[in-house]
Amino acid sequence: MNRAGGRSAAVVLAGAVMSASVWWSGATAVADDGAGEAFAAPPAVAALGVVERAVPLEESPVDRLDVASGQVGLDLGPAGGVTVQLPTAGGGSGKYVAGAADPYGVAVVPTQGGVQLVVDIDAGESPEVFDFDVDLPDGFAPELTEDGAVVLRDATGAELAYVEQPWAYDAAGAPVPTRFEVDGATIAQVVEHRGAGFAYPITADPKIKGCNWQTATCVTFSKSETRRIASQTTNAAGVGALCGLLPHALIRVGCGAAFVPIWNSVKSTFNKAKREGRCVEVKLNRLPPAYNLPIGWKVVNC
């Protein structure tokens, strides 16, 4: 497979969109100068509700965006941020779209919690592999989860950011096989579109959301982990399942005692996520004296 090669410069979160003028004809790509205008996907893809509305930059963690060099930055608090090099560069159909000279492009959709990266594949000769090179704080690395998402965490289990499970659809709204692959500091989205009769353009998406890891530890439970926890029939078994799935011994300290008093609320969140086929994110305090105390839990896409 040909790779849409990543460049050496460190950059942050961005999304790829086909540079094809037909796809953007008469449509607003993404926010212009932080105005929060909607990103326009092909009608069949838009009807699926998978592409988010852009928010103004000042309402998003995106703090750097340079489509000319294919770089996007995400500020995740006092700890710093993530930098991702887009698989393409150069101005496209708008300030937030990169890849005018390539048979694919990158649209950056700032969101309240991170950024959505929309990859638009124009034709059968377009690449099938799109590399996003990430530059992370010392000690952090991308890790592929069992459900096909990617978590950016360190050796203690602290989660800096989470890349939701990828999706891809053709112009008629038909799903296209896609997956993430991780090689060192590169997250590659593989979209298997060639020779399969798909209608172009094809739209694909990595979406990244962040966690302020200096003040909190965010743990995103996969779909299978969420189902496992939700399926426990007693409070003790549910708490035990959750605590046992925390990714490091340091954040398991005091877990049982912390979750037992609030388990009914936490369990209802896991039940909801199980019904909807989604995941649960739990946020644990990292500041003394209440280290590891649960401070939030919610259903998230994954």
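**Pockets and a disulfide**

Analyst: Strand β19 gives the most to the lining of the largest pocket, with 5 residues. Strands here are DSSP runs of E, at least two residues; helices are runs of H or I, at least four; both are numbered from the N terminus. This is a predicted model: local features need pLDDT of at least 70, side-chain atom pairs pLDDT 80 or more, while totals for chains, interfaces and linings use all residues. Residues are numbered from 1 along each chain, and side-chain values use heavy atoms, without hydrogens and water.

User: Which strands each supply at least two residues of that lining?

Analyst: They are β16 (207-210), β18 (279-285) and β19 (294-300). The lining has 20 residues, with Gly113, Lys209, Glu281, Lys298 and Val300 nearest the centre of the pocket.

User: Why is the pair Cys243 and Cys255 called a disulfide?

Analyst: The cut-off is a pair of cysteine sulfur atoms within 2.5 Å. The sulfur atoms of Cys243 and Cys255 are 1.9 Å apart, so the pair qualifies. Cys243 sits in helix α4 (residues 235-245) and Cys255 in helix α5 (residues 255-259), 12 residues apart.

User: What makes this disulfide left-handed?

Analyst: The torsion about the S-S bond of Cys243 and Cys255 is about -85°, so the disulfide is left-handed.

User: Are Cys243 and Cys255 buried or exposed?

Analyst: Both are buried. Buried means under 20% relative accessible area, exposed over 50%, partly exposed in between (1.4 Å probe, protein chains only).

Terms used:
On a 1 Å grid over the protein atoms alone, a cavity is a set of points where a 1.4 Å probe fits but cannot get out, and a pocket is an open set with protein on both sides within 12 Å along at least five of seven lines; lining residues have an atom within 4 Å of a point.
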